[in-house]
Amino acid sequence: MSTTVNLAVIYYSATGFSAEIAKEIAEAGAKAGAEVRLLKAAELAPEAAIASNEAWAAHAAASAGVPVATPDDVEWADAVIFGTPTRFGNISSQLKQFIDTLGGLWARGRLADKVYSGFVTSATTHGGQESTLLALYNSIHHFGGLIVSPGYTDPVKFVDGNPYGTSHVDGQGNNPVGEETRNAARHQAERVVRIAGALKSGLATV
């Protein structure tokens, strides 16, 4: 069994903030030695809704080439980092729809014993960030997965302030993703890859 970690970074992003964090995580994961797939959840919103928001339409066009996640990507992965904007304190319907397609893998035990983690964006300070990640992690418990949150395991987390996962406040689209968020994202990716690698190596000897 190869001990190279297969990392799937699966996100939904409407206006691009979650996508930017996902890219940072993917790059950091690759630098940490993982084989990485950067993937988006399929869009569910009608074209009229997307077209009515200039930033949403622009990001939809810019991200057209990003592959759409499939259950096969999760089966392939040793570790999965999910990302989503918060929607009324919960995960986006697009990411939830993707998670709901994993029932077949769950029934066959193919979601268990993997490492999972998450990140989130919101328009306002707090804005449901922690409840969104906790809601995401509810599904991981059902998977039999192993949640690797960043916690306060590095000084960057005392700056970012969210032990559940990387989070960013976009300020209604006015706050770009800065170094505080990028540092937290890189640390989260590195921690996930390290723990997933140790788990994979250990299971290979069982």
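Modeller: Helices (H or I, at least four residues) and strands (E, at least two) are DSSP runs, numbered from the N terminus. Keep in mind that this is a predicted model, where local features need pLDDT of at least 70 and side-chain atom pairs count only at pLDDT 80 or more, while totals for chains, interfaces and linings use all residues. Residues are numbered from 1 along each chain as its sequence is written, and side-chain values use heavy atoms, with hydrogens and water left out.

Let's take E3. Strands E1 and E3 run parallel, paired over 5 bridges, with isoleucine 10 bridged to phenylalanine 82 in E3. E3 also pairs with E5, again in the parallel sense, over 7 bridges; there, valine 80 stands opposite tyrosine 116. Strand E4 (residues 90–91) is antiparallel to E3, with 2 bridges joining them, and asparagine 90 in E4 is the bridge partner of arginine 87. E3 and E4 make a hairpin with 2 residues between them, and phenylalanine 88 in that turn has a positive phi of about 55 degrees.

How covered is E3? Of its 9 residues, 8 are buried, where buried means under 20% relative accessible area, exposed over 50% and partly exposed in between (1.4 Å probe, protein chains only).

Now the packing. A nonpolar core is a set of buried Ala, Val, Leu, Ile, Met, Phe, Trp, Tyr and Cys residues joined through side-chain atoms within 4.5 Å. The largest one has 29 residues, and those touching the most other members are Ile10, Val74, Val80, Phe82, Phe98, Tyr116 and Leu136. Elements giving two or more residues include strand E1 (6–11), strand E3 (79–87), strand E5 (115–122) and helix H7 (129–143). H7 gives the most, with 5 residues. Beyond its neighbours within four places in sequence, leucine 136 is in contact (heavy atoms within 4.5 Å) with Phe82, Ile91, Leu95, Ile99, Ser117 and Gly118.

Rings of Phe, Tyr and Trp (its six-membered ring) pair if their centres lie within 6.5 Å; planes under 30 degrees apart count as stacked, over 60 as edge-to-face and the rest as tilted. Tyrosine 116 and phenylalanine 143 have ring centres 5.4 Å apart and planes at 55 degrees, so they're a tilted pair. Tyrosine 116 lies in E5 and phenylalanine 143 in H7, 27 residues apart. Tyrosine 116 is buried at 0% relative accessibility, and phenylalanine 143 is buried at 10%. Together with Phe82, they form one aromatic cluster.

Conventions. Pairing = 2+ DSSP bridges.
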